[in-house]
Amino acid sequence: MKVAVIGTGYVGLTTAVSLAMYGHEVVGIDLVEAKIAMLKQGLSPIYEPGLEKALVQVLQQGILTFSTDLKDAKDSEVLFVCVGTPEATDGTADLSYLLASISDIGVLHNNNPMVRTAVIKSTVPVGTGDRVAALLEDGQSLFVVSNPEFLREGNALADALKPSRIVIGANHQAARAVMERLYEGVAAPRVITTRANAELIKYASNAFLATRISFMNELSRLSTVLGTDILTVAQGMGLDSRIGPEFLRAGVGYGGSCFPKDTIALLQLAQEKGVSLSLLDKVREVNRSQPVWFMQQVRKHIPELKDKQIALLGLAFKPDTDDIREAPSLTIIEELKKSGAEIRAYDPIAAPAVQKLHPEVTYFDTPEEACKGAHAALLITEWKECIQLPWSVIHANMAQPALFDGRNAWPMNEVREAGFHYTGVGRS
Ligand SMILES: NC(=O)c1ccc[n+]([C@@H]2O[C@H](COP(=O)([O-])OP(=O)(O)OC[C@H]3O[C@@H](n4cnc5c(N)ncnc54)[C@H](O)[C@@H]3O)[C@@H](O)[C@H]2O)c1
């Protein structure tokens with residue numbers, strides 16, 4: 001099938017590459033010329049494991065092309081909308097990019113009539129698909145589908161090629177049939193439903209995952225006081241098949257472009273409808289305070305941080321991504337700056353992005369260098385290269401051998417035996 005993907009960010013580029021790998025003829029469209037120029041050369045503007053290699057392959061096969069002009073999608077039967085829906089100043093989802101691309105699709109369709117399906121992959125508030133359909137859908141030649149995306153950054157291509165589920169919200173049988181044809185051969189459970197249900201599935205999934213994280217983070221505060229080990233507690237909980245082991249890891253809080261903005265957008269939507277989602281409100285509050293609570297644990301051991309050298313290992317919101325949107329590292333940098341500490345940071349991929357925001361931080365090429373002369377090292381993102389460290393070398397080179405493990409990923413017993421002070425999140 002001929003497919004267009006509008007927006008070539010984390011979701012759009014992954015969607016474009018995976019659809020080409022399924023055998024569709026895909027054109028990726030973006031407004032940003034520099035991005036399209038890079039993509040045409042087989043260079044990925046984002047860091048995502050395996051994505052660039054796959055991109056080069058499908059480019060060479062000629063089944064994926066890129067353009068800044070939607071006219072190059074005039075023959076596309078399916079048009080995916082993968083543009084950003086960031087948080088507006090009032091917490092609602094900013095739909096301006098989405099509505100602009102919908103309007104572009106309307107113009108393209110009027111100028112080049114054929115049967116088409118516009119597929120909203122961006123995360124949008126419940127009712128958006130119906131609102132767009134009222135503008136676009138004629139039930140004859142143009143259909144609107146909601147097909148939310150569940151990929152995880154850092155594992156995006158693998159998730160797109162082997163999705164946990166395919167949710168299709170469509171109010172017309174013809175549109176459902178197009179989507180079945182598009183995803184033919186992709187082994188994943190299907191949920192075929194209305195657009196509104198599909199939209200709520202996406203928000204509810206992210207809100208629920210955020211809830212699990214905040215539950216464990218709040219519990220880790222109790223675990224710290226009780227002297228229990230949250231890792232063992234999580235392991236014991238996760239073995240219950242009704243609970244499962246995923247998303248039970250206590251840490252410095254969730255970040256990224258999805259959980260923070262999708263939880264606030266869901267809260268705003270509920271408020272608009274006169275419904276209180278008080279639990280979700282608390283989830284956000286716990287997440288906001290978790291990096292601050294973590295810094296209090298640091299201060300218990302080092303009460304005066306002024307002029308102390310503090311190493312931050314990991315800056316991206318999670319490993320295997322360059323994404324720093326809403327990353328807990330940014331809150332921790334602010335907290336350290338307020339305390340007058342000198343910050344020494346390392347991240348294998350995301351350092352340049354943080355450097356733009358925080359040129360006053362000193363950046364190093366290895367975790368070992370960042371730790372040299374430091375009075376404490378804080379693990380913020382569990383990159384492989386930040387976990388597997390030569391502990392005796394680190395110990396010998398730190399001014400004060402104190403480790404604060406914001407991801408419970410360092411080997412607690414081993415580092416304590418090596419002579420470090422170790423504080424994890426809810427561990428003792
Ligand atoms: N990033 C994730 O892990 C993830 C996962 C699931 C769902 N989502 C959702 O997917 C959507 C996209 O997220 P993202 O992280 O890929 O965003 P992104 O910011 O990385 O990419 C958006 C892209 O859209 C382009 N764009 C904006 N307006 C355009 C227009 N009118 N025409 C063409 N291109 C346009 C931008 O230049 C940018 O390249 C959001 O709604 C997000 O909530 C994201």
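Is Cys 258 buried, partly exposed or exposed? I looked it up: Cys 258 counts as partly exposed because its relative accessibility is 30% (buried is under 20%, exposed over 50%, partly exposed in between, with a 1.4 Å probe and protein chains only).

Before going on, I noted that this is a predicted model, where local features need pLDDT of at least 70, side-chain atom pairs count only at pLDDT 80 or more, and totals for chains, interfaces and linings use all residues. Residues are numbered from 1 along each chain as its sequence is written, and side-chain values use heavy atoms, with hydrogens and water left out.

I found Cys 258 in the loop between helix 9 (230-238) and helix 10 (259-272) (helices are DSSP runs of H or I, at least four residues, numbered from the N terminus). Not counting residues up to four places away in sequence, Cys 258 touches Asn 206 and Thr 263 (contact means heavy atoms within 4.5 Å).

Next I checked the domains. I have domain 1 at 2-193 and domain 2 at 208-423, with bounds from an automatic or database domain assignment.

Last, I looked for salt bridges (a side-chain nitrogen of Lys or Arg within 4 Å of a carboxyl oxygen of Asp or Glu). The rule finds one across the interface of domain 1 and domain 2. I also noted that Arg 325 and Glu 153 meet in a salt bridge through their side chains, at 3.8 Å, N to O.

Terms used
Helix = DSSP H or I, 4+ residues; strand = E, 2+ residues; numbered from the N terminus.
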